[in-house]
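Here is a short report on one protein chain. Look at the sequence and the structure first, then read on.

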Amino acid sequence: SENWLKKLPREEIAYFLNRARQLGQAEDFKGVTRTCNELLSRYPDTVEALFLQGAAFFKLGMNGRARESWDRVLQLSPNHDKARRWLAKLPPEDQV
């Protein structure tokens, strides 16, 4: 049957998200951004990858890039509370 075909993207996405989370726990935030970029190049609207990417940018002090990632999260998923909370952590000059 064709069912296994439909599962592949989901499994691939899960693999990349798990990898990004592991790298984040190891505080390899550049690794997180690379992993998320790879995933987003294939599945650009993956909300969780955008969120994790934003968190990694934030940890790297790249607040503008973090804002771009989280703004995109909120475009795709307006009720994403975690993205809203993290956006609120940005310094006032980066909140405009």
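## The largest pocket

The lining of the largest pocket divides into eight nonpolar residues, one polar residue and four charged residues. Here Ala, Val, Leu, Ile, Met, Phe, Trp, Tyr, Cys and Pro count as nonpolar, Asp, Glu, Lys and Arg as charged, and the others, Gly among them, as polar. This is a predicted model: local features need pLDDT of at least 70, side-chain atom pairs count only at pLDDT 80 or more, and totals for chains, interfaces and linings use all residues. Residues are numbered from 1 along each chain as its sequence is written, and side-chain values use heavy atoms, with hydrogens and water left out.

The volume of the largest pocket is about 210 Å³. Among the 13 lining residues, G24, F29, L52, A55 and W86 are the closest to its centre. Helix 1, helix 2, helix 3 and helix 5 each supply at least two residues of the lining. Helix 3 gives the largest share, six residues.

How is a pocket found? On a 1 Å grid over the protein atoms alone, a pocket is an open set of points where a 1.4 Å probe fits, with protein on both sides within 12 Å along at least five of seven lines; lining residues have an atom within 4 Å of a point. Points are joined across faces, edges and corners, and the volume is the space filled by probe spheres set on them.

## The chain as a whole

The chain has five helices and zero strands. Its elements run α-α-α-α-α from the N terminus on. Helices (H or I, at least four residues) and strands (E, at least two) are DSSP runs, numbered from the N terminus.

Of the 96 residues in the chain, 36% are buried. Buried means under 20% relative accessible area, exposed over 50%, and partly exposed in between (1.4 Å probe, protein chains only). The accessible surface of the chain comes to about 6,300 Å², and 50% of this belongs to carbon and sulfur atoms. These areas come from the Shrake-Rupley method with a 1.4 Å probe.

Now take the contacts (heavy atoms within 4.5 Å). Among those in the chain between residues at least 6 apart in sequence, 43% join residues at least 24 apart.

## The core

The largest nonpolar core has 25 residues, and C36, F51 and W70 have the most contacts inside it. Helix 1 (3–25), helix 2, helix 3 (47–59), helix 4 (63–76) and helix 5 (81–89) each supply at least two of its residues. Helix 3 gives the most, with seven residues. A nonpolar core is a set of buried Ala, Val, Leu, Ile, Met, Phe, Trp, Tyr and Cys residues joined through side-chain atoms within 4.5 Å.

Leaving aside its neighbours within four places in sequence, C36 is in contact with A20, A49, L52 and Q53.

## Residues one by one

T35 lies in helix 2 (residues 29–42). T35 counts as buried because its relative accessibility is 9%. Beyond its neighbours within four places in sequence, T35 is in contact with F16, R19, A20 and L23.

R42 lies in helix 2. At 43% relative accessibility, R42 counts as partly exposed. Its contacts, leaving aside neighbours within four places in sequence, are E12 and F16.

F57 belongs to helix 3. Is F57 buried or exposed? F57 counts as buried, at 4% relative accessibility. Leaving aside neighbours within four places in sequence, F57 is in contact with T33, M62, R65, A66 and S69.

N63 is found in helix 4. N63 is buried, with a relative accessible area of 15%.

K82 lies in helix 5. K82 counts as partly exposed because its relative accessibility is 38%. Leaving aside neighbours within four places in sequence, K82 is in contact with E48 and F51.

Some C-alpha distances follow.

| Pair | Apart along the chain | C-alpha to C-alpha |
|---|---|---|
| K82 and W70 | 12 residues | 9.3 Å |
| N63 and K89 | 26 residues | 9.8 Å |
| F57 and V32 | 25 residues | 8.9 Å |
| R42 and P9 | 33 residues | 9.4 Å |

## A positive phi

E27 lies in the loop between helix 1 and helix 2. What is the phi of E27 near? Phi of E27 is near 60°, a positive value in a residue other than glycine. Most residues other than glycine have a negative phi. E27 counts as exposed, at 60% relative accessibility.
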